[in-house]
Amino acid sequence: MQLLFDGTAQLLDEMIRAATLRHKVLARNIANIDTPGYRPMEVEFSEALKLASEEGELPTTVVRTVVAADRSADVGRYDGNAVDLDRQMAKMAENALWHNAMIQILNSRMNLLRTAIRGG
Amino acid sequence: MGSIFASMEINATALAAQRVRMNLIAENLANAEVTRTPTGGPYRRKGVVLGTRGTPGFEGLLKAGDVSGGVEVLKIVESQAPPNPVYNPSHPDADSTGYVAMPSINPVMEMVDLMSASRAYEANVSAIQIAKSMMAKTLEIGR
């Protein structure tokens, strides 16, 4: 039962959740495009996962996400709002692709399992 | 799943707020020549004050179905700019010197504001469409 319980399915599930959370954060930034003094936020992934993937091992740890202020944002507007619409839209499109890719991988794993159950 | 619905709700609050803003711009343009209002005097330009909904913390984002972080119209303010005097002695509202107090509305400014509101509206519509595509993809799991 390696295919089902090797932790990858759980990791994919966590990644999909993380993408959903990131979409919410970006949605919030876009909604507040005209709110004076609003600073954008971003989802950051914890160091634990980064280390695991840098070592080339399959990361089996739970994906930890932290919602923090977007460090790359700078205030260029007179009202103190630091939302850059182009950047936020690009991030959102990228995040949606990422989310869809995770689901695609999850589905191909399931199809693999289905093939195995049917016996070819 | 709940989180995606919440994202759509957040963008919907922005759609509503931008819609209010666009309505006020329409009102400003329509009343650009109005010298008599129920409160007396010429029409005064109206604008919105936008604010972030709920406490501006990070906690609200982690709760599914929470729409704090959306945008809301805190209040509608009237411009305190002095009226624009226009010389027109034949106008019934002209004062003893022949000047009429006209609303100080700059159509160029209103149009620029309208474009800004309309772009913000479009950005939020796009965000909702992206959320919908993510949701549709989520429904494909296991299919």
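By class, 5 nonpolar, 2 polar and 2 charged residues make up the lining of the largest cavity in this predicted model. The residues concerned belong to chain B, namely P42(B), Y43(B), R44(B), R45(B), S79(B), A81(B), P83(B), P103(B) and S104(B).

Aromatic contacts were examined next. Over all chains, the structure holds 1 aromatic pair. The ring centres of Y87(B) and Y99(B) are 5.2 Å apart and the ring planes stand at 65 degrees; the pair is therefore edge-to-face, given that planes over 60 degrees apart are assigned to this class. Because Y87(B) is part of strand β3 (residues 84–87) of chain B and Y99(B) is part of strand β4 (residues 99–102) of chain B, the pair ties together parts that are 12 residues apart in sequence. With a relative accessibility of 54%, Y87(B) counts as exposed, whereas Y99(B), at 38%, counts as partly exposed.

In chain A, helix α4 (residues 85–118) comprises 34 residues. The distance from the first C-alpha of α4(A) to its last is 49 Å, close to the 50 Å expected at 1.5 Å a residue. Buried positions in α4(A) include Q88(A), K91(A), M92(A), N95(A), A96(A) and H99(A); N100(A), M102(A), I103(A), L106(A), N107(A) and R109(A) are likewise buried. Just after α4(A), a positive phi of about 80 degrees is found at G119(A).

Conventions. Residues are numbered from 1 along each chain as its sequence is written. Chains are lettered from A and ligands numbered from 1 in the order in which they are written. This is a predicted model: local features need pLDDT of at least 70, side-chain atom pairs count only at pLDDT 80 or more; totals for chains, interfaces and linings use all residues. Side-chain values use heavy atoms; hydrogens and water are left out. Helices (H or I, at least four residues) and strands (E, at least two) are DSSP runs, numbered from the N terminus. The expected span of a helix is 1.5 Å times one less than its number of residues. Buried means under 20% relative accessible area, exposed over 50%, partly exposed in between (1.4 Å probe, protein chains only). On a 1 Å grid over the protein atoms alone, a cavity is a set of points where a 1.4 Å probe fits but cannot get out, and a pocket is an open set with protein on both sides within 12 Å along at least five of seven lines; lining residues have an atom within 4 Å of a point. Ala, Val, Leu, Ile, Met, Phe, Trp, Tyr, Cys and Pro count as nonpolar, Asp, Glu, Lys and Arg as charged, and the others, Gly among them, as polar. Rings of Phe, Tyr and Trp (its six-membered ring) pair if their centres lie within 6.5 Å; planes under 30 degrees apart count as stacked, over 60 as edge-to-face and the rest as tilted.
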